[in-house]
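I opened this entry to log what I looked up. Notes follow in the order I made them.

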Amino acid sequence: MLTDVEVRSKKTEVAITIAILMASIPLFLAFSLLVLSSFSKEMMTNLSLESFRFTIENWINVLQGKLAFTGGIRQNILKYTFNTALVALGVAGVVTLISALSGYALSRMNFRGRKFLLMFLLMLHAFPGVALIVGVYLLYRLSLPSSPSLVTTFSFMYVIVARAALEVPMATWLMKGFFDSIPWEIEWSAIVDGASRIRVWRKILLPLIKPGIAAILLFGFLAGWQDLIYVRTFLVEPTLATYIEANLEAEYSHMPLIAAAGTLYLLPTIIFFLTSQKLLLETHSGGIKG
Amino acid sequence: MRGYVAVLLVGILVFGAIASGCISSEKPTTPEKVEVSLTGDFVKDVVNIGKALESNGVNEVKFTVWGAGDPNSVMRVYGIVEAAERINKVFNENNINVKIVVDTNYVASFQQLFQDYLSKQPIGQAGDFFVNSYAFIPTLAKEGYILDVTEYAKAYEKELSDFYTPLMEASKWKGKLYGLPQDTEARPLYIRKDVAKCSGFDLTKLEEKVKNGEFTWSDVYAKAKAAKEKGCSEWGLIHRKGSAHPDLIQFIFAFGGTLYDENEDKLVLDVPAVYKWLYVEWKFARDGILPEDIMSWDWAKQIHPAIVSGNTLFDIGGTWYWAEWQTKDYYVDPKTNEPRGLKPEEVDAWFYYTLFPAGEKGQKPVTLSQPFVWMINSKAGAQNPKYDELKDIYQKLAFLMILKASDADINAIHSVISSHLPVRKAAEDLIKDEKWLNDLKNLNIDISSGVKAEIADIVKATVHPINAKFLADVSYMLEYTHLAPSHPKYPALADLFKDAVDKVLRGEMKPEEAVQFLIDRIKADPELSASVKIVGEVPKDWQFP
């Protein structure tokens, strides 16, 4: 029988759901063990709950920036969280601004090399950031300010721009999709009324693609928040990622404490995904109609 | 037309950007350098430097110290903080309005810190002081990332003569001194006394027998096998894992082998010694005396609990284990079924310790050390005012700070609370002084309140006459010590050793196959191949035990 929409049989749906759940189990277990370990005196490395002994000491120590239960030096964990957030917000801002402008241009303007640029953007997205790091480091050294007091600020700016550059190609494609979904007539009538292109973009189109902007902001934020390689290479100040990496020493570290730091680091990602699941799914399924 | 205008505008912009960097309204001037000479009189030198800083308008000097290690070893950075406090006191007493302020950065992973130093030093953002393994000195010195302090040290020859010579030598590269030793350690063979008693292993005068080379690894094998067969312990031997702490290379030295050719500056694959080492590992694992998967055991959940719970007769460990077993909850108390740290009395009552025995008759016992060194960044002081003029002053002040941080009491405090060995005789004497130890226990010592507060709970958990006696007892081991080669390619070779040990332990390869595996892997890596000299052959008719 023909139907106007594609409908799977109940059996197939159940089978797919079970397969997805099965595939998710290792991931779910790994994250569960991490979170449980952060509240345990002993690291949980298997499914046995025998090694779970409840404590909140790990969290207290992490929030106090302590590396161990005895003595040691307190690290400024709030500052590291701030640094991580600064990079994440910076990347989100730069990616969103550039992709909103370039996405509009690619969607609405016909210029020489447009098709090539679109293909080139896709190709750029395929480049892993780590493959570019030598060249990016060379640029970093060449552009470094001579005054040592400016290096820290510069390193923030540089890491934001460098990390954002990796996200811009895909974000531009996504933005182009959002602009494509807006009827040309809306923009046309404003231009006929005498509005400039930039005014139309700012006053009419941007409000219509708010969900898209939110999605790009979110992707940019997560890319900046999760980054390790670029912040490790370019940023002078530590972030949560580099703090965890520097203290992940299998022999010395109190692993449940590292688990607490890891969970803290994961929190924004979990919160964002839980609160914006619908938005992200819609974005991935081909843009949102404004 | 619009296109031309755009190109013109871009051109002007680029030119402007370049010009703004190149054209300066002021003519470049060469700053007049201010210098002081070190006299060897500490107070006089500090005063001279203080006056020079003050007369140049510098009233605050900022330094950063980077260090790494286990949580009990925080004096690696607090030593510098304490040194600054003591120098500030000298400034005060001499009415010099200069203050040193020290910022600290202490992490767990010393390899990670080294990587961080490598990336931050060229851009002037690494710590002014860098406390790390001597093994990194060649790489850092070669790149010019650390300061050559040979000339400064000459003024303090008398003071530095108190330091143990092998440790001073470990702080040198190509004859130049690149820092001062901060701590070291030995790697004793621990023996569970209760398991030994159960299996009829008499420990009387064992230390002497090991020293004389009478008690060899064949004897270790026999005793370990007996302990297992009699049901006294689950395992006969537990050892460390991984390649970052190259403990197992002690076997090479114990079988009379070598790892480094100083004349050619090449690493050595001493085939006979490496074969014997791998054979011992293979034999222990095949007979079920040593876990075949030990190289993937977890430190906190398997290795340490197995040792402190008496599941093994022998353990190849480190001096720092002594404090670690007391400060970490590796032991599950059978009465309460709760994990806890051992009491000093328990560690003392349960563990015997001796040198790593000779591999076979005719060889000598050994131990292995990895000294940590206080190094000075070649850009030390760069964050401070008038760096170009006062560079010499900042660098000399930095040297005086590491010298002060090596004060006997600071070094002794670090040794006692972290179970590392002191680097100088005066510190060793202090550790043996009961009154001083009691004062330390009560924190009735002359250190700054900030440092005192930071180490108070470590002191409470670790300072005990039993621990001090342990340190005094194992200090002699430094006479037998070997150092892992400080060669840039050594980590790559150590990784191969780790793989080979893992393969023979698991029974995937026989010892001779593992040796061939090592040779093949070395030859497959052009850089490693150029850095490693392969000597000797697999011995025929060699028997173990």
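Is Lys211(B) buried, exposed or partly exposed? I read it as partly exposed, with a relative accessible area of 26%. The cut-offs are under 20% for buried and over 50% for exposed, with partly exposed in between, using a 1.4 Å probe and protein chains only.

Ground rules first. I am working on a predicted model, where local features need pLDDT of at least 70, side-chain atom pairs count only at pLDDT 80 or more, and totals for chains, interfaces and linings use all residues. Residues are numbered from 1 along each chain as its sequence is written, chains are lettered from A and ligands numbered from 1 in the order written, and side-chain values use heavy atoms, without hydrogens and water.

**Salt bridges**

I took the partner of Lys211(B) next. Its side chain meets that of Glu208(B) in a salt bridge at 3.7 Å, N to O. The criterion is a side-chain nitrogen of Lys or Arg within 4 Å of a carboxyl oxygen of Asp or Glu. Helices here are DSSP runs of H or I with at least four residues, strands are E runs of at least two, and numbering starts at the N terminus. Glu208(B) is partly exposed too, at 42% relative accessibility.

I checked two further pairs. Asp287(B) and Lys283(B) form a salt bridge at 3.5 Å, N to O. Asp287(B) is partly exposed at 28%. Asp333(B) and Arg340(B) pair at 2.8 Å, N to O. Asp333(B) counts as buried, at 13%.

I also found a salt-bridge network joining Glu82(B), Arg86(B), Lys404(B), Asp407(B) and Asp409(B). Over all chains, the search returns 41 salt bridges.

**Chain A**

I counted 13 helices and zero strands in chain A. The C-alpha trace spans about 70 × 70 × 30 Å along its principal axes. Of its 290 residues, 43% count as buried.

Accessible surface is about 16,200 Å², with 71% belonging to carbon and sulfur atoms. These areas use the Shrake-Rupley method with a 1.4 Å probe, and for residues only the protein chains shown count as cover.

Contacts (heavy atoms within 4.5 Å) came last. Among those in chain A with a separation of 6 or more, 69% join residues 24 or more positions apart.
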